[in-house]
Structures are given as C-alpha cells and as structure tokens.
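Dear colleague,

Please find the structure below, followed by a short account of what was found in it.

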Amino acid sequence: MKALDITVKLGNRTILHGVDFAAKPSRVTAIVGPNGSGKTTLLRAMTGEIAHSGRVLLNGQDTAKLKPWELAAIRAVQPQSTTIAFPFTVLEIVRLGLSSGLSAGESDLPLRALEAVDLGGFAGRYYQDLSGGEQQRVQLARVLTQVWEPVVDGSPRWLILDEPVASLDIGHQFTVMDLARRYAGAGGGVVAVMHDLNLTAMFADHVVLMQSGRIAAQGTPAEVLTDRTLAEVYGCPVPVNTTPPGGIPFLLPQARAVPVPA
Amino acid sequence: MSLAADTHQGSADPARGGSTGAPVDRRHQARRLTLVLAALLLVTSVTSLTFGAAGTSVWSALGDLVAGRELSQLDRIILFDIRLPRLCLGILVGAALAVSGVVMQGLFRNPLADPGIVGVSAGAGLAAITAIVLGSLLPAALRDTLGTGLVPVAAFFGGWGSTLILYRTATRGGQTSVATMLLAGIALGALAGALSGILVYMADDNQLRDLTFWGMGSLAGATWTKVLAALPVIGLALCAAPFLARGLNGLALGEAAAGHIGIPVQRVKNISIMAVAGATGAAVAVSGGIGFIGIVVPHLLRLSTGPDHHPLLPNAALLGATLLLAADMIARVIIAPAELPIGIVTAVLGAPVFLWILLKRRAGLGL
C-alpha cells in the first residue's frame, strides 16, 4: 500500500503537507504521533474518506479508480467509534461485513470472528447495550469477516485500523494486537493508527511517526522510538527503557512473557 | 464520563423493552411475518370491499359473479367503480407511505425521519393548495385539459420539485449532507406552510372546504384514473426499494463505513431520494396528506423483527397497505353515512405512537 504526495486542506489550514507513506504486506505498520499531528487524517485520506490531493495505491492499483465493492474485497477499515441508529444485534452488525465479500450467504465466519475478538456468546446481544470496548471489538469482528483470508489469489488483503485498542482493557489490547500480528504473519497487510507507544514497540514491524502534518521519522520501533525523537515530537521528555524513580508501580505490556511469581 | 454514560443509556431503543437480548437470528421470524402480513392484507382487502354506505352485499355479488350471473347495474357500479378503485388506491398509498418512511429513516439513520421531514409533503401540499385557490388563473385551455387532475398533478410536481431543491442545497461535489438536508427540510417546510397560510387566507368558502378535506387526506375520491396515474410511479419506487436494502443496512454504520464495506453510497442516496420523492409525491397527489403511516409502520416492524431492511421493506409495504385500509374502514363507518377524512384517523392513532417513540428516545436525542 502506497500513498504519494498526500496533501489535505481544511479551509485555509493545511493538515497534511505532501506526505509519502508506504506499508508492506506481512507487516504491521503503526502510525503514531501526538494529538493533531495528522495521523488519523492520513488514514482517512488513504481510505478516501476525506478530500485530498495525491494518489493512493493498493496492491499496485489506484484506489480512486476502483469501485467501492472492488476496494471492499481487498481492504477493510475499522472506524474509531461507531454509533448505530437502529437496534441491530451483534451478529447482524458482524454479518454486514459478509455481504460485500466473496463468502455471502450462510457462513459461520461471523461467529468465528466474534470468537476471535473474545465475544463468543455475544451474537444475540444488542449492539447498543455493549460497552465502548465491546462495541469496538464487534466492529473489529465485522472488519475481520470482510477480509477473513489474509491472502486471496496470491495478493494480500488489508486491515486498516483506527486506534483499534483505544478503549480496551489491557487483556483485550493483547487479544486485538495478537490478531493483527497473526493477520500480518499469514501474509496480510495491517496499517493501524496507534496511541500506545508500548504496544506499538511490541507489535509493530514498521513505525511512522507524524508531527504537524509531516512524517518526522519512520523505521523499526528501535529506530523511531528513541529518547531524542520522542522528546522532540511529543514536546516532553520520554526516556526509553528507563525505570521510574522511587516506588511508583509501573507495568509494561512487554513484560507479559515473564511468568508472574506465585 | 457522565456524558458517555448518558449517550449509552440514551441509545436504548424501545425495541428492547428491558430484555437482555434478541433471538440470535431474526431472519426466519421476519420471513414468517411476511406470510402473515400478506394473509392479513388479503383478509383486510376483502373486508374492505364489504364495507360502505350502500348496503350492497359483496358476498352475494361475488357469488353472482362466480356463478356467471349478471350483476345488477347498481352492484356493478358500487363494486367496480367505487370500492375496487378505492381498495387499489388504499393499497398503493399505504404501501408507498410506509416504504417511503423506511427508506427515509434508513437514509437519515434516524427512526424519526419521515417524508414529511424532508419537505416532500410540504412541497406537495403547497402546490395542491395553490392549484385549488389559484387554479382559475390558469389559461382555460390548460385548465380544461387537466380537469379534476389539476390538483393531483400539481401536488406531484410540488413534491418532486421541493425534493430537488433540497437535494441541490444539501449536495456538494456529489456528497449529500444528511444534516444539511434535514435542516433545509425544516426551513422549506416552514416556508411552504407560511405560503399555504396566505393562500388559505385568500380562499373563498368553497375552496376552504376543498382545502380542509384535501389537507386531511382521503381515499374518497378514488377513481381508476387516479389508480392508473399513481401506479407507475409508486410501482417503480416499490420495485426499486428491495435493491436499496443492503445499502440502507450498510448506512446504519455511517456513510464512510458503508463505503468501506463496498456500498456505492452516493448511488444509494440518489435512488433513495428519487424513490421517496416519487412515491410520496404520488401518494399525496391522489389522497392528500395522510400522516404517521410512514413513522408507525416501520417502527412496529422493527420492534418485532429487527432493523434489517431486507425483510423490513416488503413487510412495511404489506403492513402499510393493511393499516391504511383499516383506517379507511374506520373513517367510513365511525360517523356513517358521512365520512371522516382518513388523515384524522391516522393522526389520532399515529400521533400517540409517535410521542411514545419520542419519549423512549428522549435521552438519546438530548431533547
């Protein structure tokens, strides 16, 4: 997936200044940056939700020239938050991911997708009754249903996620990020806007750090997430790999591999 | 935090009624409901044929027909020239109003949206009132050609025209803003109401009676001419509706998300608007302003089988037709031998339901 020279203007303000972005299949690409740096705007421009100049290529095809259903067959987009006007059940929402795909009709995909996001047994619940985090996972299940197979006919499919773990507890943050990893591991492409730098360091192969509508740095987590770059972009000192002073407890998702002492 | 909690609470829908969950799959239920509603419409239709001021026994007339006997002149006129066109018109208008309601609500992602809100009814009403009050100013040749069709034709084009104005106002660069369209609909509705008020003020006594009756809606003037005039437009809209089902389901996720699951959003919006303008314009043209069918029918159906538009659209057509025929029977017998305008009946029955929906949703809408 490639974006070339993306410029977005809102009124007289330029939100993105000729951004070039690239993400490869089999990788998790994270877009990070402070509030207002343009990471979500970049994602929306690349998914065609907002007017922009420049071109977006997906598997070598110009997305502006593809029909909505052609795009939907190779790319699914998880929104940040979604309110739904009518009392749809969880299963009905997830099934919406089906109708566009190749696997229409009777299918157990929606139920399997719900299991995958740890919402097995929620199929008959009303979407509106769920908590924010649960709703977010329902949307992820819908998106997964849409592009269930990471590779079709030799070309990768894409999961585009806008802050997929924003309102999730730490356990479900793992559930979701593990899903993303597995999807990339199977040959699909994952592009995610992320807030949490720890999870980004842990799960991303490639990090794009945004600042004021431009890309400030990109590369592997080790290359991008350095003391100096983070201090510069976020405007506050954030020493990497440093234990806080005193007795303040802290917990890092990276430590989950370490067994908890009995 | 409290805001988030309120929003969550507010999104509570009356459909739930405190239950913990819906059946996992409501599709089979919805299919069964279609059969039940079709049977109900059939029964209501036959019953409706037997109702009326004249004491004709439709059963004996039908028996005569089946036995190949000649019907009396009177029976034939009552059956074929009065009741049958009225039945057909009732079915057409009821189905048109209910399906328009479903499509509009799906398009606006709001269960309170109604063709009345986007100004179709207001525009059609203004044009009809103009035709009644100022029709005499038209060139005689045109007036003679249109004859009694003047008011319906005006209503139809009024509805269509106001929708086009709204659509142009709300569409920029191929994108229709639903919020702009709703607000513009309110503004146009107010303007049409004011202009109608001026015309009502100018009207003489005879015209006033026409206006009152027309404004409240009625199937009393049903003729085969009206049925045949409304049939192609309403028929086309009803035939287009099933193709909108998937798009309207997708729109429930929001426009952007609908696009991402492969729905041609702008095309769905265009077809929806044309279908609603056509069906409502035609319905108002032949029967006047009949309210609340478009709100009540979709809501009742969502309560029973959920918001999926695949069963909702055909079921709404069936239930809309049935309810309008039932309301028409009430209108015919409640002050017999005189007749109540049907719009009064639908308003008396429908307005409380509308209020009930509002009360249930009040928190969510921040009203």
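Chain B has 15 helices and 2 strands, where helices (H or I, at least four residues) and strands (E, at least two) are DSSP runs numbered from the N terminus. This is a predicted model, in which local features need pLDDT of at least 70 and side-chain atom pairs count only at pLDDT 80 or more, while totals for chains, interfaces and linings use all residues. Residues are numbered from 1 along each chain as its sequence is written, and chains are lettered from A and ligands numbered from 1 in the order in which they are written.

Of the 367 residues of chain B, 47% are buried (20 or more other C-beta atoms within 10 Å of the residue's own, with C-beta atoms placed from the backbone).

In chain B, helix α4 (residues 73–108) packs against helix α12 (residues 265–287) at an angle of about 145 degrees, their axes being 9 Å apart. Axes are lines fitted to C-alpha atoms over the stretch in contact, and angles run from 0 to 180 degrees between N-to-C directions. The residues of this contact (C-beta atoms within 7 Å) include B:L89 and B:V93 of α4(B) and B:K269 and B:S272 of α12(B).

In chain A, strand β11 (residues 206–211) runs parallel to strand β3 (residues 28–32), with 4 bridges joining them; strands pair if DSSP finds at least two bridges between them. A:V32 has A:L209 as its bridge partner in β11(A). Strand β12 (residues 214–219) of chain A pairs with β11(A) in the antiparallel sense over 5 bridges, and there A:A217 is the partner of A:L209.

Yours sincerely

Terms used. A residue is buried if 20 or more other C-beta atoms lie within 10 Å of its own, exposed if 12 or fewer, and partly exposed in between; C-beta atoms are placed from the backbone. Two residues are in contact if their C-beta atoms, placed from the backbone, lie within 7 Å.
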